[in-house]
Amino acid sequence: MTETTQRRSTTTSTTGKQDGAPQGRRGAGGPADTRGSTAIADTVVAKIAGMAAREVPEVHNLGGGMARTFGAVRQRVPGGGTGVTQGVKVEVGERQAAVDLDVVVEYGAAITDTAADVRTNVVNAIERMTGLEVVEVNIAVDDVHLPDEEDESEPEQRRVA
């Protein structure tokens with residue numbers, strides 16, 4: 001009885017791939033990026049925008065007065081969340097996104113320069129991470145944080161002292 005074995009050649013070809021290695025199904029259905037769709041939730045884009053805006057040193061906080069007050073309460077409630085999206089509103093389409101931010105700026109910062117820095121950082125982060133085109137970033141400066149002001153999110157014990 002004769003036994004037959006097959007071996008795959010493991011020699012390297014001029015393309016750098018091993019001969020006999022699985023090649024996949026090239027051309028079956030077109031490029032990989034056209035095989036299905038990717039949906040990015042509004043909350044994902046809002047979190048990216050919130051984090052990117054907070055990376056700018058002159059930004060003290062996000063959100064208007066009432067939003068910050070509710071955010072401080074929400075942070076104290078177990079499971080209430082971190083408030084990353086506080087002060088952030090987004091509209092996300094298939095290929096584009098628009099962002100609205102409510103910002104509190106540190107006293108002494110040039111507001112127009114800070115807004116430009118925030119806008120640049122938000123656009124770059126969203127476009128890099130999601131591939132969406134950011135068509136606009138609208139910034140509303142709701143307040144200026146003074147150096148001697150206490151944060152609304154600080155615990156009551158610090159305020160009483």
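Val 103 is buried, with a relative accessible area of 2%, where buried denotes under 20% relative accessible area, exposed over 50% and partly exposed the range in between, computed with a 1.4 Å probe on protein chains only. This residue lies in strand 3; helices (H or I, at least four residues) and strands (E, at least two) are DSSP runs numbered from the N terminus. The model is a predicted one, in which local features need pLDDT of at least 70 and side-chain atom pairs count only at pLDDT 80 or more, whereas totals for chains, interfaces and linings use all residues. Residues are numbered from 1 along each chain as its sequence is written, and side-chain values use heavy atoms, with hydrogens and water left out.

The chain contains four helices and four strands, arranged along the sequence in the pattern α-β-α-β-β-α-β-α. Of its 161 residues, 25% count as buried. Contact is defined by heavy atoms within 4.5 Å. Among contacts between residues at least 6 apart in sequence, 66% join residues at least 24 apart.

In soluble globular proteins, nonpolar side chains tend to be buried together. A nonpolar core is here a set of buried Ala, Val, Leu, Ile, Met, Phe, Trp, Tyr and Cys residues joined through side-chain atoms within 4.5 Å. The largest such core has 24 residues, of which Val 88, Val 99, Leu 101, Val 118, Val 122, Ile 126 and Val 137 touch the most other members. Two or more residues of this core come from each of helix 1 (42-54), strand 1 (59-62), strand 2 (88-92), strand 3, helix 3 and strand 4. Helix 1 makes the greatest contribution to this core, with six residues. Beyond its neighbours within four places in sequence, Val 99 is in contact with Ala 49, Val 88, Lys 89, Val 90, Val 122, Ile 126, Glu 136, Val 137 and Asn 138.

Helix 1 has 13 residues, which at 1.5 Å a residue should span 18 Å; the end C-alpha atoms are 18 Å apart, in agreement with that value. The expected span is 1.5 Å times one less than the number of residues in the helix. Val 45, Ala 46, Ile 48, Ala 49, Gly 50, Ala 52 and Ala 53 are buried in helix 1, and the elements covering these buried residues include strand 1, strand 2, strand 3 and helix 3. The buried residues of helix 3 are Thr 114, Ala 115, Val 118, Val 122, Val 123, Ala 125, Ile 126 and Thr 130, and they pack against helix 1, strand 1, strand 3 and strand 4. Gly 131 follows helix 3 and has a positive phi, near 80 degrees.

Val 56 is placed in the loop between helix 1 and strand 1 and, at 5% relative accessibility, counts as buried. Not counting residues up to four places away in sequence, Val 56 touches Thr 114, Asp 117, Val 118 and Asn 121. The C-alpha atoms of Val 56 and Arg 119 are separated by 9.9 Å, although these residues are 63 residues apart along the chain. Thr 114, in helix 3, counts as buried at 3% relative accessibility. With neighbours within four places in sequence left aside, the contacts of Thr 114 are Val 56, Glu 58, Val 59, Val 105 and Ala 109.

Grid points are joined across faces, edges and corners, and a volume is the space filled by probe spheres set on the points. The structure holds one cavity of 30 Å³ or more. The largest cavity has a volume of about 30 Å³ and is lined by Val 103, Val 105, Ile 111, Thr 114, Ala 115, Val 118, Ile 139 and Val 141. Helix 3 contributes the most to this lining, with four residues.

Note on methods. On a 1 Å grid over the protein atoms alone, a cavity is a set of points where a 1.4 Å probe fits but cannot get out, and a pocket is an open set with protein on both sides within 12 Å along at least five of seven lines; lining residues have an atom within 4 Å of a point.
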